[in-house]
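The entries follow the order in which I worked.

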Amino acid sequence: MWDTLSSVRDLGRIQEIAVVLLRYGFGDVAARVGMTGALEKAGRLLRMEHADQYLTMPTPERLRRTLQDLGPTFIKFGQILSTRVDLLPPEYLRELGQLQNNVPALDFELLRPQVRQDLGCEPEDIFARIDTVPLAAASLAQTHRAWLADGTALVLKIRRPGIREVVEADLRLLARLADIAEARAPDLRRYHPVEVVRQFTASLRNELDFAAECRNAERIAANFAGHPEIVVPAVVWPLTSERLNVQEFVGAIPGADIAAVEAAGLDRAQLARSGANIVLKMVLEDGLFHADPHPGNIFYLPDGRIAVIDFGMVGHVNAQRRGQVARLLYGLVAQRPEDVADILIDWAGQAEVDEARLQADIDEMIDQYRGLALKDLHMGRMLLGVSALLRQHALVLPGDLALMIKAFLTLEGLGRLLDPDFDMASEARPFLERAMLQRYSPRRLAKRGQRALAGSLDLLEDLPRELRRMLRRYGQGKFKLEVTSLRPFGNQVAHAVNRLTMGIITAALIVGSSIVIDSGGVASRFRTVLGLGGFIGAGLCGVVLLVWILRSGRR
């Protein structure tokens, strides 16, 4: 498999991957996907001074450290996997959630040539001052503060030079690994590795395009026009490009700094409610949401507003999916297990589902919450319960829903960090009820009816043309009607007729041979030999027929 790689440079990367996999005890995984040759070389190169330490680590930790050592692409892949509550158990999700992009910062002078190329001039020709000490440094980019001549404070998010080439090489390898895993590892096939890698590839390429990130920010800001509780930093478009994101700087309290929130005298319970309302509106009303609302991307302003940054990873939920999500969450909050089961079965698609068992398991899960007050319902815990059922029944969520569930879990965790009495279910219920009512509002019904009518008219318009085409093919002798459901029956009939024919031939040989031997006259010796030959032929036919019948019975 590795001989088909598109470029020789990938071979060196394969060697590095094999070394890391072998170091952390995942050599069997590498061997299963065809990296045997690379493993042999890795074994000669690898120094295993700390082998015992690595091999005694819990498997989730070994996986997290493996991805960490493999670099930015695999770190991002691990972060995406940490959102797949339907694929991985909680201990893996917790460990992968610790993956951080923090890496040593590059000296600004190493970034200067790229920044000069993106701006079309020296940075000092535009900015009155640039802080060469970065605010933060990650595997894909690092950020620096800058000021215009009028004192306006900005943030420069600068993509690391050469990072796209590294990422593209890793994406090629991941795609090949996914192809092989799906073809050669039946136990991994149900996780749809090719589709997971495809979604990850699209997400990471979008994240590398800082102009796309800024467009996401502006779309979300437009959705919240008239909602003063949220602040999205404005984009400075004349200075922004694919590799350089320039936005206004928002000085505020980081989301994880609860002590600073207390010192500023902010209402923590109100902040929790405002944050919940922001994310619920994104998911259930707008269909475009911040897919990574962790405390590092949330800031609190002194006046109680919430600033949200970093829109490189966003989720999209279409209107149909939003209706399904509303039904699922409403079924959990209102304790209606039949609604939850219906939605999960719809999401299962072509997968085989034991519906009765799934319904029973959902009933049992929701029964734990019967009689509890709404404020005592932990929506995150209920969603984790649904995710456990998905894993138990070998069902896989669509990628957009996995991001959404992760966003809800992160949101509830952040809300309880601010306010231990934070009640996510109560905050969600009005949104869910509005979503359910809007689904059946006269306007929505009229719009769906209009679409259905337009589709029906299109069908009627195309019907004469399709009938003419079918009749023309019939006249040319090209029209063929095939009923695939009768094919197995036809095969059985054909096998039965063939066996019957073989039986008749065998019986005819036996009867004919007996007549030939029994008849008298001249050349009786010849007739005897001919009759014996017929008996031998009949015996061979009988053996063939017996073997045929036995093989058919086994099938």
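This is a predicted model: local features need pLDDT of at least 70, side-chain atom pairs count only at pLDDT 80 or more; totals for chains, interfaces and linings use all residues.

Entry 1

Entry 2. I looked up D170 and found its place in helix α9, which covers residues 163-184. Is D170 buried or exposed? I recorded a relative accessible area of 0% for D170, and because buried means under 20%, D170 is buried.

Entry 3. I then asked which residues D170 touches, not counting residues up to four places away in sequence. The list consists of R13, T73 and F74. With T73, the side chain of D170 forms a polar contact of 3.2 Å.

Entry 4. The largest nonpolar core has 104 residues, and F289, Y300, L332 and L344 have the most contacts inside it. Helix α19, residues 399-418, gives the largest share of this core, with 10 residues. Another core, of 13 residues, lies apart from it, and I noted V115, L119, I130 and A146 among its members.

Entry 5. Leaving aside residues up to four places away in sequence, L344 touches L328, L358, I362, V386 and L390.

Entry 6. Finally, I examined the surface. Which residues make the nonpolar surface patch of about 360 Å²? I listed L460, L463, L467 and M470. L460 has its place in helix α21, residues 442-475. Its relative accessible area is 57%, and since exposed means over 50%, L460 is exposed.

Conventions:
Residues are numbered from 1 along each chain as its sequence is written. Side-chain values use heavy atoms; hydrogens and water are left out. Helices (H or I, at least four residues) and strands (E, at least two) are DSSP runs, numbered from the N terminus. Buried means under 20% relative accessible area, exposed over 50%, partly exposed in between (1.4 Å probe, protein chains only). A polar contact is a pair of N or O atoms within 3.5 Å; within protein, one must be able to donate a hydrogen and the other to accept it, and residues adjacent in sequence count only if both atoms are side-chain atoms. Contact means heavy atoms within 4.5 Å. Patches are made of residues with over 30% relative accessible area and no salt bridge: like charges are joined within 9 Å, nonpolar side chains (Val, Leu, Ile, Met, Phe, Trp, Tyr) within 5 Å. Accessible areas come from the Shrake-Rupley method with a 1.4 Å probe; for residues, only the protein chains shown count as cover. A salt bridge is a side-chain nitrogen of Lys or Arg within 4 Å of a carboxyl oxygen of Asp or Glu. A nonpolar core is a set of buried Ala, Val, Leu, Ile, Met, Phe, Trp, Tyr and Cys residues joined through side-chain atoms within 4.5 Å.
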